Structure formats: C-alpha cells, structure tokens
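Here is a short report on the fold of one protein chain. Have the sequence and the model at hand while reading.

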Amino acid sequence: MTIEIVSCDAEPIHIPGSIQPQGFMLIADVSSKLIVGYAGRKDYRIDSSVVGLSLDAVIDFGANVSPDMFPSTGAKVIGDVSFAGTTMDAVAFRTGEHLVVEVTDKGSRPSLDASFLAELQVVGGTFERSSSLNELCQQAAKAFQGLTGYSRVMVYRFIDDEAGVVVGESLSGDVSSFMNHHFPASDIPRQARALYVRNPVRVIADVNYTPVPIVGIDPGLATIDLSDSTLRSVSPIHIHYLKNMGVAASASMSIVMDGVLWGLVACHHNEPRSLTLTTRLACQALAASLSRQIKAREENELYRERIRLRSQEDVILAELGSDDALSDFLDRSGGQLAKLLQADGFAALCGTSLFVHGECPAAIDVEGVAKVALSRGVPGPWVTNELSRELPAASNHRDMASGLLASVVSAEEPIVLMWFRAEQLQTVKWAGNPHENVKLAPGATLMPRASFEAWAESVHGRSREWSLAEVESCTRLVRHLLDNRNNQRLRRLNRELTVTLRENETLLSQKDFLLQEVNHRVQNSLSLVSSFLRMQRRGASADVKTQLEEAERRLTAVSLVYRRLYQADSISIIDLSRYLGELCTEILTAMDKNWASHITLDFAPVLVTTDRAISIGLIVNELMTNATKYAYGGAPGPLTVAIEQHRDTLRIVVSDHGEGKSEVTKGTGFGSRMLGALIDQLRGQISYVDNAPGLRAIVSMPIHAPAKNKP
C-alpha cells in the first residue's frame, strides 16, 4: 500500500498527551484552582503529590492569578514565578474547564531590559531600510539568527498549492543551504498551519527528547487540547522529518498577515538548543514587525502597479470616442490592450467578428476559449496561468497561450476580451523529489520523506502569473467598455425619441391649426344660423317667436360643445360638469334675470365622449326649458339641475317645487319628441316622479354605452 505524506493531515497534533521535557506543566480546575493533573521530569520534583493542592501552594506567582485574566484562546505570559526556591518563567492558558500553567527555566540570557529593547529597535530599523522584499527577508534571517543563535535560519514563504519556497537565509558553520528551494505542501500539514497562526512561536529544543506524559485524576486529561501550549510534544512524524534533515533542534516563528499565514521563520541547529521565554517573546515581536514590513511592501508594490495601470488605461480609453463602435476600438487598440497587461497576445470576440493582436492561438481555438468563457457562468474574470489544466484542449497551443485572462463584457452580443501569455519554462529546485510517495507496508507506521537532496524539475504549461492589479485593471476596462456601450445605446435611443417628439410636435401643431380652422368655421356657421333665427323672430307671431327662441337655445348647446372641444386637451373627451355649467349660464342669459337666484346646479365631474355630450346638453336644455315654462306658470321659482354618477350609470335630475305634472299636454310636442329620441339614442330612460311639491325629471343612461344608430 502506498500513502502520500498528505495523510499527515489527519493526525491530531493538538492532543499529543505529552510535553517536551524542558519544563513542567500543571493542570488545575478553573473554578477551584486545585491541581488535577501534571507533566514533568523527575528532577523537577513534580509528581502525584501535587494533585489536589492549590496552584498557589506549589508555585508562588507573586500576585493573585484569576481565571478571568486569561483569554479564550492564546497563552498569557505570567513571567517570573518562584518554584522550590528557584525563579522560573511561566505562561498559562485556558482549555475547556482547565487552567494550564507551563513553567520553564530562565536560562543564562538576561531578562528583557532597556538594552535588549534597544537591540530590537535597531533590528526594526534595519527592516524599514530594506529596499526590496528579498533584501528584507535576508535581513530578517540574519536578525533572527543573531537573536536565537541557530546555525541555519530561513525565511520560508507559502506559494501556490500551499507549497513553500525559501526566500531568505542566514547560515553559520558547516550547514547546507536551502535558498530558493521549494518544499511540497505535504511537509506542513493543514492542522499544523492552523496552529502556526494560533501559536506563533514553537521550539523543539532537542529532536531526541523523550516525551513526558500527562498524568491526571481523570484519564481523559491525556487528550487535553494543547493548541496554546509552548511545551506541546511534537508529532513523531515531524521529529523523524527533522532527523532526516540532520537537524538536532528547531524553532519557528509565524509570519501572519491579516490572520493568514504568509510564511515562517524556520530555525535549525546541529545540536540541542533551547530558547528562553524572553527570547521567544522577542522573536514573536520581531516576527510581528516583519509581518508589518512585508505587508507594507506588498501593498506599496500593488499601489504602484495600480497607478501605472490606471495611467495607461486612461491613455487607451481616451481613444474610445463617445460614438465609436466598440468593434472599431477593439480592432484599433488591441495592441495597446495587450501591452497594458503585459500579455503576449490579445483577442476580442465582438458579435460575429474576431480581432486578434500579437501571439495568439488559431482563430478557431480562440473562439473555443471565448465559448468556454461565455458558458462558465461565474462572475468576474477567468484567470489562470495554467490554461491546459482547466481546458485540456488548450494543451495543443500552450507554447503561446498557457496563461489566460478573459472577461465577458456582454453575453448578449456576445463580447469577450481575452489576454494570452506564452508558456514560461521554469526550473524549480526542490528539497527532495516532491512527487515521491512514501511506501507503507500493512501495519507499519507512516514515515516522512528521507531525501532532501536538491532535485530540479522543469515545469511546462505555465505562464507568468497575473497580478491582482492586472485582474483589477481588466475588470475596470470591462466596466468602462460596458458603460460606453450602454451610453451609446442611450444616445441612440435619445436621438430616436427626439425625432419622434419633433414629429409629434408637428402633428400637434397641425392638429391645433385644424381645430382652430374647424372651430372658426363651425362657430361662423352656427352664428349665421343663430342670426337667421333672430331675424325670423322679429316679425313672427308669439308662438313662432317662442319656438325660434327654443331652437336658438338648442343651437347654443351645440355651439358650446365645439367651443369646449377647442379649449380642451382632448378632442374626444369632455368634462360634462364644466360643459353643462357653461350651458346653464348661457341659458340663463336668455331668461328673466330673476331666474338666476332660483336655479341650483349640482354637477359631479364626469367624463363623456363628445357626441354623447351634445345629446346630454340638448336633454338638459329641453328639461330646463320645460321647467321654466310650466312649473311656475312662467314665473321664476326654485329649480335644481344635478348630475350624479352611480358606478357606470349617469343620472340627470331636473327638479322643481311648482305645479307638478299636468294631465293636459302643453306645448307643441316637438320638444318632447326630440327629448325622447335623444334619450333613446343614448340607450337611456326618463321617468317623472312627484317631488312633493313639484316635479322631478330623472334621466338615466350608461356612461360608456355606444349610442344607437340614427334611423
């Protein structure tokens, strides 16, 4: 059976059940502070006799130690404590319902003092003066070597696929160099990386140590979580790994940026070597300073690249006119777009047209890449420096297109932008063959790789990586082109709308002119007829004169509709309340002035068609004429004219308090016949009811029903 090193990911390294022997551990109950477990060499005189005692009875902390002093994760430095008459260093942390205290020797190095802080300040200044990231890493390796005294100190950076590479190194004595060597991700399992973030300093004073087991009242203490422990025993696989490297002692300091493990400061020594608490704290502070300097340099580098790209983007996009077709711009500026992102080739699919600049695959292959980009359905650009891994068909042209940065501007037309980078052959030096599996016989124990001899590998099918700033630049370009395209559409629509509005204005002007002409002609004709009627009235008898006056009033009702038509915004709809109000005013001018104070108008706002308005006006005219003639014997009296709307029904009510309905028919009967014809035409009905006293004429009709055809 063959198992790869990555099987180490399943090892529970945070619960080893033992500690390293360069100190001792006391485990107490959080609430009572009574010791329930311990781990320590016999020469520390830590044994079962301490179980049940209070922590304060075994260790003199010099001050009260309360469980509230400790964070939920991470260790708290207590500093100097007294144990058996000896001053030692102590740290403590909480794990579950237990308080764990770790005590170590102070060593020969002096405690943290002003000169030591000044030394750290000098080292920090050296970091700030470094001109590049590589120089910073070299300076850091030297600083940590001076601080720890280890023979090999490496600054180790994590790269793609969680593998790592040595980017800084300081050596002393006869030790081999691993500078620029790569290490596979399996050398540092996932759970170990998580502990590096949580516990930034780890020391293995002697790889040949004998683990000291944890003993307690409860056997379950053997599986207590030691994630925050500084004495935690190390995985046997890792110990074997270090022995295979020829390392006798090891220390590591985490380089953490924004909660992410950027790398490690890895220290190796060819003989056992421990670090005091003071030195470990100094290393932790120095590693934090290094993290800040690395972050600042990476951010500055990213900032400078962003500025460069922004300025070049402005130059290129300045050539994109507001009315230029996008296809013309892509054809004209393709070379500049390729140069912008330092690509070897640029291609753009715009509708059915394909534009290619520089070193690009064949047109059919580029179209294939564009189709895949359109079908991905993933927001944001498609970024890869190993295209053949994601698109196997691309292996045929990996020499010119191993790297791809593609983004969809529009899936509608479609529009796809593609930048290609050629294959960049790389020779990677590994510390041992990373592809070599560890063979494991049935029942045997997993062992780490044994070879760390330099092993070179030629890497094919990869291009230079795309930077974050370049990906951002691609995104900005796509957004700008999309905005330009949408703006062009809006401008085109605005132009079309402007033309339509002008045409409508012309039509409205023509309509206005036509209405004026029609109104002028109709009003002239109606005035002429009205004049004829007045002329006929002069020599006519009393009965004829009365009939001619009624005809003139009917003519006025029709004339008012046309006048209202001209003044209104719509030529087909009229506000009936306004029209009838004006009509009643016109009728009153031809009547005895005393009627004005007796007539009450109550009109609800109702919209009707023009043809129905004329008929309704004539109906109101007839009803008012009848009421003024017969209700009070020709004398003025109370008269109410109302319009009511009940859903889709219109009601015209003319009521008085006069004589009421007579059994004798009065008048010639023409008005009654015309009234009946008009109501029938509107599909309405009329009824007369007693108004007690007087008469109440009610005409009901549908508001929107079509009129009957005239016979």
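## Basis and overview

This is a predicted model, in which local features need pLDDT of at least 70, side-chain atom pairs count only at pLDDT 80 or more, and totals for chains, interfaces and linings use all residues. Residues are numbered from 1 along each chain as its sequence is written, and side-chain values use heavy atoms, with hydrogens and water left out.

The chain has 14 helices and 30 strands. Helices (H or I, at least four residues) and strands (E, at least two) are DSSP runs, numbered from the N terminus. Of the 711 residues in the chain, 47% are buried. Buried means under 20% relative accessible area, exposed means over 50%, and partly exposed lies in between (1.4 Å probe, protein chains only). Among contacts with a separation of 6 or more, 66% are between residues 24 or more positions apart. Contact means heavy atoms within 4.5 Å.

Two strands pair if DSSP finds at least two bridges between them.

| Strand pair | Bridges | Bridge partners |
|---|---|---|
| Strand 18 and strand 19 | three bridges | Val383 and Leu405 |
| Strand 19 and strand 20 | seven bridges | Gly403 and Arg421 |
| Strand 16 and strand 20 | six bridges | Ala348 and Leu417 |

Where does strand 20 stand, buried or exposed? Seven of its seven residues are buried, so strand 20 is largely enclosed by the rest of the structure. Both faces are covered. Ile415, Leu417, Trp419 and Arg421 are buried on one side, and Val416, Met418 and Phe420 on the other.

Strand 19 and strand 20 form a hairpin with four residues between them. Pro414 lies in that loop between strand 19 and strand 20. A cis peptide bond joins Glu413 to Pro414, with omega about 0 degrees.

Axes are lines fitted to C-alpha atoms, for helices over the stretch in contact, and angles run from 0 to 180 degrees between N-to-C directions.

## Two helix pairs

Two packed helices are described by the angle between their axes and the distance between the axes.

Helix 2 (residues 114-129) packs on helix 6 (residues 277-317) at about 20 degrees, with the axes 10 Å apart. That makes helix 2 roughly parallel to helix 6, a term for angles under 35 degrees. Residues of helix 2 in this contact include Phe116, Leu120 and Phe127, and those of helix 6 include Ala282, Leu286 and Arg297. By class, the contact has seven nonpolar, four polar and three charged residues. Ala, Val, Leu, Ile, Met, Phe, Trp, Tyr, Cys and Pro count as nonpolar, Asp, Glu, Lys and Arg as charged, and the others, Gly among them, as polar.

Helix 13 (residues 610-630) packs on helix 14 (residues 670-681) at about 145 degrees, and these axes are 10 Å apart. Ser615, Leu618, Ile619, Glu622 and Leu623 of helix 13 meet Gly671, Met674, Leu675, Leu678, Ile679 and Gln681 of helix 14. This contact has seven nonpolar, three polar and one charged residues.

## Loop residues

Most residues other than glycine have a negative phi, and most peptide bonds are trans.

Asp258 has a positive phi of about 55 degrees. Asp258 sits in the loop between strand 14 (249-257) and strand 15 (260-269). Its relative accessibility is 64%, so Asp258 counts as exposed.

Arg647 also has a positive phi, near 55 degrees. Its loop joins strand 27 (639-646) and strand 28 (649-656). At 80% relative accessibility, Arg647 counts as exposed.

A cis peptide bond joins Ala692 and Pro693, with omega about 0 degrees. Pro693 is in the loop between strand 29 (685-690) and strand 30 (695-702).

Conventions. Parallel < 35°, antiparallel > 145°, perpendicular 65-115°, else oblique.
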